[in-house]
Amino acid sequence: MTSATVYRNCFALGKQYLHRLTVTEQCASGRRLSGTSRQSSNRATTESCRHSLGGLNSIRSISSGPIAMAKPLDAQPTAISAEHTGIFTPTLNKMGWQQNSLDEYLSDFVDYAGSPSRTRPVADVGAAFGFVSQKLLERGATVLMNDLEPGHLEDIVRRISPEERERLTCIPGSVFDLKLEEGSLDGIVAARMTQFFPVADIRRFFDLAYKWLAQGGRLCVTNTSPWRGTTEAFQREYERKCQQGEEWPGITTTDSLDQNRQKRITLPQTGYRFDPAVLRREAERVGFRVVRTSFYPTPFLPDEFRSADGIRDAVGLIAEK
Ligand SMILES: C[S@@+](CC[C@H](N)C(=O)[O-])C[C@H]1O[C@@H](n2cnc3c(N)ncnc32)[C@H](O)[C@@H]1O
């Protein structure tokens, strides 16, 4: 990657920090960023963008100070922006696609988060290019947007208004590295992210989500269901494991996916296909009250992305602390 394409954007309390990470970039503090590799750039970005959210008034500015302004905000839309008109946008890090539609669980969450009674930020974790974050901003929410892939977080800034930018904080890196204050969020949405986690991380995620939410705050989790995009062999095995009462019946490998889809995509080696029972169990284990959990249809998707019964396409959870 050339240095000219590496930009990082962070927004906190209306202050804009545009980070252009190159060997020659001069920080506002006079310090030079060192290193030319993507890895060192990402680490510097994550460190400098990371801060804790303790309600609107305690969002702290980044510790290393703003780095020189690098790119005007009215930059032309990128190729990625253009793809947002499609049903899906492929992720840059080959972790599936962004879904460019609000399904029934995500719509519920956006309604909840957009209510004028919310006083704290809401987090969109594993946000990809921020389709859901954008909807949350349009509804007036203050949003913390996080994704493993820093490149995903760059695009949204070109699609939102200056006023919305003031309500957006972008933090690249793993959700497990976020340093957020206990009880600091009114909501967390994790759309089709936890399906990439090993089971130990699924538990870690529910623990953290509970900790970060304020009392009464809501968690929304959506995932692809075991009945969609998997081989019949996997589904038979999954049913057998469910009948035998296995604790984690939905563990997948890339071999579990349909052969034709395997050719077209690269996904992490293992993952997890959730069902409502497992989502409920994991939410209740850490203390959540489950508001709603079910399989649900995604009629906006083409047939190849639907389940055979047209109902169990996806699985969702809304839970309250
Ligand atoms: C299938 S995409 C879903 C994107 C979007 N939430 C949606 O529903 O359309 C999964 C996203 O989760 C992100 N992701 C995976 N593991 C993550 C982690 N540990 N921390 C933060 N993001 C993660 C990936 O980078 C990817 O962008």
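Some ground rules. This is a predicted model: local features need pLDDT of at least 70, side-chain atom pairs count only at pLDDT 80 or more, and totals for chains, interfaces and linings use all residues. Residue numbers start from 1 along each chain as its sequence is written. Helices (H or I, at least four residues) and strands (E, at least two) are DSSP runs, numbered from the N terminus.

Back to the pair. Helix α6 is residues 199-212, and helix α9 is residues 276-285. Their packing angle is about 50°, and the axes lie 9 Å apart. Axes are lines fitted to C-alpha atoms over the stretch in contact; angles run from 0 to 180 degrees between N-to-C directions. On α6, the contact uses I202, R203 and F206; on α9, E282, A283 and R285. Contact means C-beta atoms, placed from the backbone, within 7 Å. By class, that contact has 3 nonpolar, no polar and 3 charged residues. Nonpolar means Ala, Val, Leu, Ile, Met, Phe, Trp, Tyr, Cys and Pro; charged means Asp, Glu, Lys and Arg; the others, Gly among them, are polar.

Now the ligand. It is surrounded by 24 residues, the closest being G96, G126, A128, L148 and A191. Here, near means a C-beta atom, placed from the backbone, within 6 Å. The shell splits into 12 nonpolar, 9 polar and 3 charged. Strand β4 gives the largest share, 3 residues.

Note on methods: Two residues are in contact if their C-beta atoms, placed from the backbone, lie within 7 Å.
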